[in-house]
Amino acid sequence: MAIDVIMPQMGESIAEGTVIRWMKKVGDDVERDEPLFEISTDKVDAEIPAPASGKLTEILAEEGKTVPVNAVVARIAAEGQAAAASPAAAEDQAPESSEPAVEQPTANAAMSLEKDQTATGTAAEAPQAEKEEDEEEKGEAEDEGGREVASLDERRRTRSSPLVRKIAKENDIDISAIEGSGVSGRVTKNDILQYIEERRAKKPAAAAGPQTPARPASGPAPAAEPPPQRVRAFAPGESIEIEPMSMMRRRIADHMIMSKRTSAHVATVFEVDMTSIETLRKKHKSDYEARGTRLTYLPFIVQAVIGALREFPILNASIDGDNVIYRKDINIGIAVALEWGLIVPVLKNADEKNILGVSRAINDLGDRARTKKLSPDEVQGGTFTITNPGIFGGLFGIPIINQPQVAILGVGGVKKRPIVVETKQGDAIVIRSMAYLSLSFDHRLIDGAVADQFMAAIRKTLEAGEFAL
């Protein structure tokens with residue numbers, strides 16, 4: 001009996017999901033907990049693992065189709081059943097099905113094959129090559145015993161499949177240079193094809209001459225920079241390309257328009273001397289890397305924001321009709337730019353964490369946002385948001401409030417600038433690491449004086465640099 005693959009319930013308020021893409025096609029072998037398909041809901045995008053090992057026998061929800069939760073989207077024949085049924089099934093159905101199985105792929109497989117041919121020029125052979133190399137790799141483990149099993153494990157630790165290694169070899173690519181999005185950090189076929197496409201896109205830019213870095217080395221950054229947007233390739237004679245918005249893009253558009261209609265947006269911008277923070281970062285950067293995390297400016301900014309929210313709790317509130325809801329919990333949303341949109345994972349109870357804890361949590365949320373491993377609960381419940389337009393070198397930005405919150409902080413790029421400081425000997429011009437912080441706030445609830453006092457508190461904390469690391 002086949003095992004049903006269902007559209008999962010990704011949250012209490014989520015009633016449906018859209019199938020974005022299938023990572024397997026009908027006839028492929030799948031392993032339990034291996035990413036099987038990707039969905040998009042009104043809260044989060046996620047990769048859904050296979051509920052069992054076996055062979056994917058049927059896909060009921062094609063890519064782009066929206067189905068209710070708990071609806072069956074595919075079926076898998078369990079390993080034992082597939083093996084037991086295969087001899088008789090092959091004998092009984094050989095005249096009818098053996099040839100069509102090769103010559104008539106599903107629509108998904110055809111689409112995937114066409115994309116692969118465009119990207120690599122050799123991917124028409126890839127599915128069969130992957131199957132053959134997988135069988136060869138398993139055969140080594142079975143034929144030669146424990147020593148070869150260890151060799152197989154070693155291959156898995158290279159974070160790639162046989163097909164990926166084949167593509168890497170053909171294109172002279174070091175797989176270790178690619179950040180994998182698969183299970184346990186494995187480099188998937190999509191990862192390496194995207195890497196090849198990005199590398200090709202960079203070649204014309206390199207030929208045109210040196211480019212200005214997107215972000216100075218000392219600029220603030222979240223867990224990692226988002227990947228570049230896909231470069232459009234127009235065919236001869238084409239001047240436009242039309243494609244529907246993704247579900248995430250539509251959600252972002254609706255949310256931003258709703259926020260502008262709802263809140264009376266006002267902004268204030270403060271200049272902050274980040275020299276003390278830069279000194280702390282340089283001093284403790286290696287120690288934090290040894291602990292398995294990256295020490296950026298954001299953990300310090302989060303700590304400064306927490307202190308200011310305690311002093312001015314109205315910035316941590318929200319509006320419900322004619323009522324003001326004050327919140328005890330401080331849940332900081334950290335905006336993460338993705339290739340396909342923007343998502344705001346939430347650092348819950350941020351005031352209970354120290355710098356190390358905040359640093360680890362920010363990097364973890366950012367990494368899992370980019371690999372679509374976040375749960376809906378991790379992007380809900382925020383009380384205040386921080387976004388980082390300075391990652392690409394911008395001086396500052398004026399962000400839109402993330403409803404139902406009443407304020408959002410924008411972090412500009414940290415740049416060394418000459419400034420005038422007062423000393424005992426008089427005014428002096430010195431080089432300092434400076435940044436602009438902007439605050440968009442809802443004037444229905446927050447007055448300009450309170451917003452400026454809030455920002456002044458953040459600036460005072462950052463410039464003092466008195467953090468326990």
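Predicted model: local features only at pLDDT ≥ 70, side-chain atom pairs only at ≥ 80, totals over all residues.

Colleague: Which loop holds asparagine 70?

Modeller: Asparagine 70 is another residue other than glycine with a positive phi, near 70°. Its loop is the one between β7 and β8 (72-78).

Colleague: What is the strand order in the open sheet that contains β4?

Modeller: This sheet has four strands with antiparallel pairing. Its edge strands are β5 (45-49) and β7 (66-68), each pairing on one side only. Inside it, β2 (residues 16-22) and β4 (residues 35-40) run antiparallel and are joined by four bridges, with threonine 18 opposite serine 40 in β4. Put together, the order reads β5-β4-β2-β7.

Colleague: Which helix packs on that sheet, and at about what angle to β4?

Modeller: The helix spans residues 247-262 and touches β2, β4, β5 and β7. That makes it α7, and its direction is at about 25° to that of β4.

Colleague: Now the sheet with β1 in it: which strands stand at its edges?

Modeller: Four strands form this open sheet, paired antiparallel in the order β1-β8-β6-β3. An edge strand has a single partner, so one side of it is left without a neighbour in the sheet, and that applies to β1 (3-6) and β3.

Colleague: On to the second largest pocket: which element gives the most to its lining?

Modeller: The pocket holds about 870 Å³ of space. Of the 31 lining residues, the closest to the centre are His255, Val344, Val379, Asn402 and Gln403. At least two lining residues come from each of α7, β14 (341-343) and β16 (384-387). With five residues, the element that gives the most is α7.

Colleague: How many of the lining residues are charged?

Modeller: The lining splits into 14 nonpolar and 13 polar residues, plus the charged ones. The charged count is four.

Colleague: What is the omega of the cis peptide bond at proline 404?

Modeller: Proline 404 is placed in the loop between β16 and β17 (407-411). The cis bond joins glutamine 403 to proline 404, with omega about 5°.

Colleague: Last one: why is the pair of phenylalanine 300 and phenylalanine 467 classed as it is?

Modeller: There are four aromatic pairs in the structure. In this one the ring centres are 5.3 Å apart and the planes are at 80°; it links phenylalanine 300 in helix α9 (residues 298-311) with phenylalanine 467 in the segment after α11 (448-464), 167 residues apart. Planes over 60 degrees apart fall in one class, so the pair of phenylalanine 300 and phenylalanine 467, at 80°, is edge-to-face.

How values were computed: Residues numbered from 1 in each chain as written. Heavy atoms only, no water. Pairing = 2+ DSSP bridges. Contact = heavy atoms within 4.5 Å. Axes fitted to C-alpha atoms, helices over the stretch in contact; angles between N-to-C directions. 1 Å grid on protein atoms, 1.4 Å probe; cavity = no way out; pocket = protein on both sides within 12 Å on 5 of 7 lines; lining within 4 Å. Points joined across faces, edges and corners; volume = space filled by probe spheres on them. Nonpolar A, V, L, I, M, F, W, Y, C, P; charged D, E, K, R; others polar. Phe/Tyr/Trp six-rings, centres within 6.5 Å; stacked < 30°, edge-to-face > 60°.
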